[in-house]
Amino acid sequence: MAASSRGDLGRTIGFPHLRGAWAWLRAHPSAVLMLTQLGGIVVYPFLGDSATGRGAFGTIGLLVLVLAVFAVRATQALTWVSLVLGGPLVVLTVLEAMRPDNGAIVVGSSLLHAVFYFYTAWALIRYMFHDDEVTNDEIWATGATFTVVAWGFAYLYVAVQVVWPGSFTAAVDPEQQRSWMELLFLSVTTLTSTGLSDVVPVLPHARSVVMLEQIAGMLYIALVIARVMALLSARKARRSS
């Protein structure tokens with residue numbers, strides 16, 4: 001009887017909470033994507049440049065790819081495009097973790113990652129613009145889109161510095177190739193318009209890509225964030241009327 005009571009208690013208390021959490025996650029794929037990428041920012045510094053660190057980094061990258069596909073499935077975009085891009089990306093991510101010194105693999109992986117993330121960003125923006133109503137997941141999508149764009153440009157920077165060595169310099173070890181974390185830091189500081197960090201583009205092609213990201217960040221705030229905020233204000237006004 002005691003065991004049966006404990007089982008009933010588990011079904012009454014524990015499982016409904018788990019089902020509720022799972023339902024929330026399924027209803028908010030943009031939130032899961034954004035939170036995972038923010039978690040990656042916290043985890044990346046602990047991974048290091050060892051083989052284990054590269055493997056963990058690749059695992060996180062694959063997880064983000066899967067979550068991005070689920071986020072796109074919630075939008076009006078074509079899911080098959082994400083799947084077609086995602087398949088080769090899985091292979092290239094594994095190869096890059098195994099052969100980080102192979103320039104061709106790194107460039108191919110970085111460029112395809114950038115295309116995938118920019119497509120995901122386009123899909124999320126289309127998701128936010130498809131009607132004049134704003135849902136909770138669309139609010140999360142504003143943050144997810146921002147992080148996705150930042151990742152996309154960071155991968156572009158990786159490709160740029162492989163094709164044009166010495167594209168970026170920094171206060172520490174200025175002659176060395178910049179790490180992924182440094183380039184992601186540059187991407188986030190550029191996209192947020194907080195100014196360039198201690199990582200600086202010095203060659204023309206690198207500066208060109210940085211300028212494109214600066215323009216993208218300005219347009220995102222002016223067009224996407226402004227529209228979502230206007231819709232939120234309208235929704236609040238309707239509820240209070």
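I started at Val-91, which lies in helix H4 (residues 79–98). Helices here are DSSP runs of H or I with at least four residues, strands are E runs of at least two, and both are numbered from the N terminus.

This is a predicted model, where local features need pLDDT of at least 70, side-chain atom pairs count only at pLDDT 80 or more, and totals for chains, interfaces and linings use all residues. Residues are numbered from 1 along each chain as its sequence is written, and side-chain values use heavy atoms, without hydrogens and water.

Is Val-91 buried, exposed or partly exposed? I found it partly exposed, because its relative accessibility is 48%. Buried means under 20% relative accessible area, exposed over 50%, and partly exposed in between (1.4 Å probe, protein chains only).

Next I looked up the whole chain. I noted 8 helices and 2 strands. From the N terminus on, I read the order as α-α-α-α-α-α-β-α-β-α. Of the 241 residues, 40% count as buried.

I then checked contacts (heavy atoms within 4.5 Å). Among those between residues at least 6 apart in sequence, 71% join residues at least 24 apart.

Last, I turned to helix H5 (residues 103–129). How far apart are its end C-alpha atoms? They are 39 Å apart, which agrees with the 39 Å that its 27 residues should span at 1.5 Å a residue. The expected span is 1.5 Å times one less than the number of residues.
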